[in-house]
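Thank you all for making the time this morning. I would like to walk through a few packing details and then some backbone features, so please keep the model in view as I talk.

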Amino acid sequence: MPVAGVTAGRPAEPADLVLRNAAIHTGDRLRPEVSALAVRAGRISAVGDDADIAPLVGPHTRVVDALGRRTVPGLNDSHLHVIRGGLNYVLELRWDGVPTLRQALAMLTEQARRTPPGQWVRVVGGWSADQFAERRLPTLAELNAAAPDTPVFVLHLYQSALLNRAALAAAGIGRDTPAPPGGQIVHGHGGEPTGLLLAAPSALLLYSTLAKAPLLDEGDRASSTRHFLRELNRFGLTSAIDAAGGFQSFPENYGTVTDLAARGELTVRIAYHLFPQTAGQELDDLRRWTATTSVGDGDEWLRLNGAGENLIWAAADFENFSEPRPELDSYEDRFEQAVRLLMEQGWGFRLHASYDETIRRDLAVFERLAAEGLFPSGNRWLLDHAETVTPASLDRVAALGGGVSVQNRLSFQGQAFRSRYGAAAAAEAPPVGDMLARGLTVAAGTDATRVSSYNPWVALHWLVSGRDVAGRALRGARHRLSRADALELYTLGGARLTGEDDVKGALRPGAYADFAVLTEDYFTVEEAAIPRIEAVLTVVGGRVVHATAEHEGLAAELPPVSPDWSPVAHFGGYQATPSGAVQADALREAAADSLAQAAWRRERGDAGGGARLSGDPCFL
């Protein structure tokens with residue numbers, strides 16, 4: 001077969017980089033499998049067999065032998081809070097992937113000793129009690145024992161936050177502190193706060209408390225962001241669509257990524273959204289932004305993709321599946337003004353909507369505007385999350401030219417969702433099969449970092465297996481995807497949402513040279529091992545940005561993590577889950593710890609042997 005990208009009879013220019021001896025899944029249906037590719041000037045110049053690409057090797061070409069490893073297009077998370085995550089990454093202790101609560105508490109205890117006075121230990125997202133062998137949260141007593149003097153803030157999903165006594169004092173939370181609407185500060189019998197904060201159902205209390213912790217200075221924010229992007233490269237991620245979010249103001253909180261882009265130091269391509277921060281002022285923000293910027297402003301590394309994921313605060317349905325679905329007040333008038341403004345100014349948008357009840361109300365507004373010719377209009381728009389969207393609503397989305405970005409939030413919240421809405425509802429949450437059957441543009445992501453982990457392979461495992469982090473089967477067969485289809489949602493899917501599918505998401509001549517060489521063959525590895533896949537080599541724009549194992553040393557080193565007491569400096573980021581004998585040892589330790597606790601309870605007269613969880617308010 002002729003080599004793609006090389007014109008017969010015309011001498012080809014030497015490549016800057018050649019990858020050979022690889023099992024390359026190109027994502028291009030015209031030529032899905034090749035063994036080699038060539039890169040020139042940041043783009044794929046040719047794909048083919050090793051012999052086809054060999055003539056493109058010149059005296060200055062870097063040749064990388066993949067040793068037969070699976071290679072895929074660079075992954076693209078279509079809903080990642082990458083900008084906010086980068087600004088805080090080195091401040092956070094990651095429990096992502098930690099297999100036991102015993103290990104998690106040991107990490108927290110060690111970090112408390114390393115953290116200087118005035119700073120907090122914060123565990124913010126990426127984990128669930130379901131991932132632990134003990135299948136429980138830490139108790140407040142355990143947090144106070146682990147860190148008697150250092151403030152500790154532990155965020156658990158959208159549901160709750162646990163603060164030790166030092167954190168309550170640092171945050172100024174006392175017996176008379178009022179909770180904002182939709183939040184609850186749990187008090188003990190004596191009236192003092194216990195340290196348990198609840199989203200009921202709004203997480204504003206949790207996030208506003210976290211916002212009281214110290215921030216990094218500008219130099220360390222840049223370093224933190226670079227290390228976070230490198231951590232994403234570790235898993236083969238090369239692009240992300242930033243969904244903005246609360247406490248992410250424009251332009252203030254976008255300055256770090258803008259400066260990094262100007263210096264050529266981004267290693268993940270970012271398409272970003274703008275999110276009005278203040279209720280009641282949303283229309284003012286949108287008018288100012290649409291008057292001064294345009295969708296597409298930027299370049300291939302950093303570009304504006306539209307508004308959202310909130311347009312007005314009143315339309316947000318909180319996704320705490322441990323609480324009843326929120327009943328939203330009337331919001332349609334201001335919502336219609338916001339959508340009209342965006343569509344008339346040529347702006348696309350993304351819209352947070354977890355429940356079909358909200359989606360139906362939103363679609364009714366779009367249909368009124370469609371009668372005026374504003375939908376479909378060529379502006380890209382999409383729904384985010386859509387766990388309970390119905391087939392009827394999906395038909396309306398298709399008629400209005402919309403798309404959907406789905407995330408694996410139920411990897412972490414699946415049991416809470418099933419307990420409230422039932423197994424049948426959980427089997428269809430979200431109904432990805434129905435979306436694809438209607439020809440909708442569908443992309444996949446994580447919604448990291450405050451709830452889900454940023455590890456894309458955990459999300460891909462969920463799309464394929466339908467199982468949560470505890471291994472429970474939740475999703476029905478109709479909505480589970482083949483490995484190839486799931487990967488397409490994580491590559492071309494995201495590129496379609498930003499209008500870049502001509503240059504991103506598939507490895508073909510003219511496309512960005514963004515790809516990852518994997519530790520395991522995603523297409524053949526045991527299904528349960530998919531979450532443990534990483535990249536041994538990640539290339540973005542023809543530049544090696546992550547390299548390990550046999551490729552160690554090919555990527556430029558980053559400056560050391562700063563500050564030096566950072567949890568990331570000591571523990572790193574995602575904790576790779578051990579397997580085999582190592583995992584068995586960890587489970588035996590957790591079991592031994594549980595047996596010790598049971599013996600302690602029996603000595604205290606609790607013959608129930610652990611049926612009760614103690615009087616800690618966390619478990620009431």
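Let me begin with a term: contact here means heavy atoms within 4.5 Å, and helices (H or I, at least four residues) and strands (E, at least two) are DSSP runs numbered from the N terminus. What we have is a predicted model, in which local features need pLDDT of at least 70, side-chain atom pairs count only at pLDDT 80 or more, and totals for chains, interfaces and linings use all residues. Residues are numbered from 1 along each chain as its sequence is written, and side-chain values use heavy atoms, with hydrogens and water left out.

With that settled, consider helix H7 (residues 218–233), where Glu218, Arg221, Ala222, Thr225 and Arg226 meet Thr256, Val257 and Leu260 in H8. The axes, which are lines fitted to C-alpha atoms over the stretch in contact, with angles running from 0 to 180 degrees between N-to-C directions, come within 10 Å for H7 and H8 (residues 255–262) and cross at roughly 70 degrees. Because 65 to 115 degrees counts as roughly perpendicular, H7 is roughly perpendicular to H8.

How do H9 and H10 pack, and at what angle? Helix H9 (residues 282–292) and helix H10 (residues 332–344) pack at an angle of about 0 degrees, with axes 10 Å apart, and they are therefore roughly parallel to each other, the term for angles under 35 degrees. Glu282, Leu283, Leu286, Arg287 and Thr290 of H9 make this contact with Arg334, Gln337, Ala338, Leu341 and Leu342 of H10.

Turning to the backbone, I would recall that most residues other than glycine have a negative phi, and most peptide bonds are trans. The bond from Phe375 to Pro376 is cis, with omega near -25 degrees, and Pro376 sits in the loop between helix H11 (356–370) and strand S18 (381–385). Another cis bond joins Ala448 and Thr449, with omega about 25 degrees, and Thr449 lies in the loop between strand S20 (441–445) and H16.

In that loop between S20 and H16 we also find Asp447, which has a positive phi of about 65 degrees although it is not a glycine. Is Asp447 buried or exposed? At 5% relative accessibility Asp447 counts as buried, meaning under 20% relative accessible area, with exposed over 50% and partly exposed in between (1.4 Å probe, protein chains only). Arg135, with phi near 55 degrees, counts as partly exposed at 45% relative accessibility.

Terms used: Parallel < 35°, antiparallel > 145°, perpendicular 65-115°, else oblique.
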